[in-house]
Amino acid sequence: MKLLFINGHLNTGGVEKSLLDILQHLDYNRYEVDLLLLEDLGDYASLLPPQVHVKLRCLKNTYGSLAKCLIRCIRQRDWFCFRLRLIFVLMKLFGQDKISLAKHMLTGDKHYDCVIGYRRGICTQIASFAVDADRRLSWWHHGTVNVEAEPYLHETSNCNKIVVVSDSIRQMLANAIPQLASKLVTIPNMLDVERVEDRAAAFNPYKNEHAFHIVSIGGCVPEKHFQNAIYAAKQLKAAGVSFQWHLVGDGVLHDQLVRRAEDNSVADCFIFEGNQPNPYPYLKNADLFVHPSYVESQGLVVLEAMALGVPCVVTKSLGPCEFIKDGVNGILTEQNPDSLAEKVMEILTDQKLYEHIKMNTHCPAQFAPACVMQKIDRLLEEK
């Protein structure tokens with residue numbers, strides 16, 4: 001079978017990690033795979049199986065206002081982005097299906113058995129309208145309904161199925177846009193525990209082996225609410241708890257969070273580690289993982305922490321609430337800074353609770369690659 005996956009890039013991120021996992025576990029005796037990237041290759045590109053044929057069609061020169069974009073394209077002789085930017089204008093005026101005018105530019109005349117838009121937006125628009133394919137799939141990764149119903153229905157009108165990563169998200173989308181209900185199918189992101197453990201053993205990032213290390217991982221973006229982690233760190237320090245809290249990740253709020261840590265006098269114990277292509281050593285060598293995010297469709301990084309046997313304190317959101325049993329294999333908190341601080345303090349000061357959570361911390365079997373790939377294979381080969 002000839003497959004085409006479409007995504008923006010392979011830079012470090014949850015969506016990109018889940019795509020990489022699929023590509024690493026496909027049976028290349030059964031599939032011939034192309035990967036169309038629309039921005040960059042990215043950090044994970046070197047980890048792609050050699051059987052994956054990467055097609056990079058960089059759209060970055062289409063960004064910005066129309067006039068500036070066209071001038072930039074002319075100066076750089078980027079006729080690909082020049083033509084594509086004009087097609088985007090037609091899409092805005094006459095509908096998303098006008099992306100079909102870019103078909104030859106993006107994918108040539110190649111026919112695919114199945115095309116997969118791995119993100120909503122331009123990736124799914126191309127999959128729906130600008131690829132010659134028998135079947136069309138789209139992946140939904142977000143933990144809230146961040147689209148308007150009618151445009152999204154048009155965007156996915158040619159898609160046979162829309163994959164969501166948890167049953168809670170499937171129900172959320174079906175309630176918000178009932179016309180989608182028959183197309184929705186749940187396939188979780190997989191977790192290859194052996195691969196995570198191998199990468200986690202690469203090094204120990206913590207110089208102070210005797211400190212109690214807390215780690216949080218994710219993009220410095222509003223929905224992750226890392227300011228709540230800084231608030232919790234302030235409460236721990238005020239209570240005389242000795243710890244180091246490591247934030248692995250980068251993003252638009254990074255500098256603001258650094259200033260917040262300084263303003264709350266925790267800059268000495270709240271450490272910004274930046275973006276890390278291999279974050280797993282930070283997890284493996286931590287004593288506690290804290291995830292303050294309010295929006296998670298699944299919560300892959302939580303599962304990775306659990307796979308490495310690290311107790312987790314996790315703010316309630318749709319995805320993690322499906323596999324965390326509060327007080328058994330993790331601690332759930334309400335969506336506010338006081339609750340997060342209270343629960344972190346509780347597990348740090350109650351050794352019996354900490355050991356109980358640690359004993360039950362492991363990755364649930366339904367996220368194993370064999371289980372997930374069976375569902376993906378069935379979906380790809382569905383007639």
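Helix H1 gives the most to the lining of the largest pocket, with five residues, where helices are DSSP runs of H or I of at least four residues, strands are runs of E of at least two, and both are numbered from the N terminus. What we are looking at is a predicted model, in which local features need pLDDT of at least 70 and side-chain atom pairs count only at pLDDT 80 or more, while totals for chains, interfaces and linings use all residues. Residues are numbered from 1 along each chain as its sequence is written, and side-chain values use heavy atoms, with hydrogens and water left out.

To stay with that pocket, its lining comprises 46 residues, and Gly-13, Gly-14, Val-15, Glu-16 and Lys-224 are those nearest its centre. Besides H1 (14–25), the elements giving two or more residues to this lining are strand S5 (132–140), helix H11 (280–284) and helix H12 (300–307). The space inside is about 1,300 Å³; a pocket here is an open set of points on a 1 Å grid over the protein atoms alone, with protein on both sides within 12 Å along at least five of seven lines, a cavity is a set where a 1.4 Å probe fits but cannot get out, and lining residues have an atom within 4 Å of a point. By class, the lining has 15 nonpolar, 21 polar and ten charged residues, with Ala, Val, Leu, Ile, Met, Phe, Trp, Tyr, Cys and Pro taken as nonpolar, Asp, Glu, Lys and Arg as charged, and the others, Gly among them, as polar.

The search of the whole structure finds one cavity of 30 Å³ or more, and the volume of the largest cavity is about 40 Å³, a volume being the space filled by probe spheres set on the points, which are joined across faces, edges and corners. Among the residues lining this cavity are Ser-18, Ile-22, Trp-139 and Ile-376, and H1 and helix H15 (369–380) are the elements that give two or more residues to the lining. That lining holds eight nonpolar and two polar residues, and no charged ones.

Finally, a helix pair. Helix H9 (residues 226–238) packs against helix H13 (residues 337–349) at an angle of about 50 degrees, with the axes 8 Å apart, the axes being lines fitted to C-alpha atoms over the stretch in contact and the angles running from 0 to 180 degrees between N-to-C directions.
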